[in-house]
Amino acid sequence: MASNSPDPSKIRRLISHVRKPLVFRGLIESWPMLKFSQNDWDNLFRQMVLECRVGSRNSRGDQPQWEGESDNIKCTYSEFIKWSENSGDVCNPEMSSLETDKHFLYYGYKYMKDIFDSEVLRMTEWKAFGYPEKNGAESTFWMGTAGAHTPCHYDTYGCNLVAQLSGRKRWILFPPEDTDFLKPTRVPYEESSVYSRINFEKWIGTIPNISGTHPHVVDLVPGDVLFVPRHWWHHVRNEELSISINTWLELSNDDQEARLHESLVKFLVAHTCRNLQPNVVSELLNPNEEDMTYADLDEIQNFVHYSFKALKDNEADGRNVPEDVDALPDEPWILPVVCNESFEPKVKKARSADAHSKIVVLDVVRAFCHPRVIETVSQILKNEFKT
């Protein structure tokens, strides 16, 4: 940790109250992985088989490149690096047709406890941020080649700390107030993720010009740790081969409300899946949610009940009071992420000629699961079952 770094309890208080993104610097200097060479990474992975998502680097359509539309391949770390650097023949038939200027590989959203042993998990510690109980066992691993990206979304639970270990990664963030301008959707459905229907790959290298929004752009370099506040939208893209690790932090009061909302969405999606054709279900569900088609409906109903009960029991405790980002200390270990440009709302245009004119099943599901609708249903339940 840097010699002028603050008390970890001070960082934790900031994380608990500040409602704008921040970059922390100099606080993970003790992490061994920050100093890893390529040989160190190679020794860490050895002959581990990596299941990677394959995506297109030339996706410029209106819709994002959803995970369910991507292929997957298996390779070793050595093959992953050789392919990304065009530094040698890769004797892997699954990679033979892939080109670095047209495709990306993403080995992301991997729970570290599922891929590394306890010794490696101890290399990742979040005590400098006031969370001494958290290490790699509560963290996820992300490694991708240039162009690898995550569609714009926000996480419904808690907040997020992201440590950049290697390479450069661009984050474009938007405040919760921009939600209506970012076309929120729960299709494809993934628990705790609300996606944007806008394809941000149209603005590679520039600030997205989206009416009514307030983009905050930051490039993370090795040693940076980004704090993503609750419900802040983010589009994430690797500018080069990049490795990062993140951990999600619960916000007990706020998360009670979010769990009720998530339970209602899951209730709707699980019941809807029972009556759809397989090809439509594959569009509705993100690949990691495919088991939703045979989920226990009684169990999901109980999830709604207990989420509602927990919220009601917790309402008397009050909520955290947000602090203004301007109140942050002027110290070298902290950097506010500022708004790069504001775009005024414009008059909504008529549907484009190429947009489908007929309402289909997923349009109806998308409408019923819209965050505003779920908020209304939640409020009706609270009014109906007042104690």
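A cavity is a set of grid points, laid over the protein atoms alone, where a 1.4 Å probe fits but cannot get out. In this predicted model, a search of the whole structure turns up three such cavities of 30 Å³ or more.

The largest cavity has a volume of about 100 Å³, and its lining is made up of R170, I172, F200, E201, W203, I204, G205, T206, P208, H235, R237 and E239. Two strands, β10 (169–174) and β15 (233–238), each supply at least two residues of this lining. Sorted by class, the residues around the largest cavity comprise five nonpolar, three polar and four charged.

The second largest cavity holds about 50 Å³ of space, and the residues that line this second cavity include D155, Y157, N160, R230, H231 and W248. Its lining divides into six nonpolar, four polar and two charged residues.

A disulfide is a covalent bond between the sulfur atoms of two cysteines. C75 is buried, with a relative accessible area of 3%. C91 is likewise in no disulfide, and the nearest cysteine sulfur to C91, that of C75, is 13 Å away, while C91 itself is exposed, with a relative accessible area of 73%.

Terms used
Residues numbered from 1 in each chain as written. Predicted model: local features only at pLDDT ≥ 70, side-chain atom pairs only at ≥ 80, totals over all residues. Heavy atoms only, no water. 1 Å grid on protein atoms, 1.4 Å probe; cavity = no way out; pocket = protein on both sides within 12 Å on 5 of 7 lines; lining within 4 Å. Points joined across faces, edges and corners; volume = space filled by probe spheres on them. Helix = DSSP H or I, 4+ residues; strand = E, 2+ residues; numbered from the N terminus. Nonpolar A, V, L, I, M, F, W, Y, C, P; charged D, E, K, R; others polar. Buried < 20%, exposed > 50% of the residue type's maximum accessible area, 1.4 Å probe, protein only. Disulfide = S-S within 2.5 Å.
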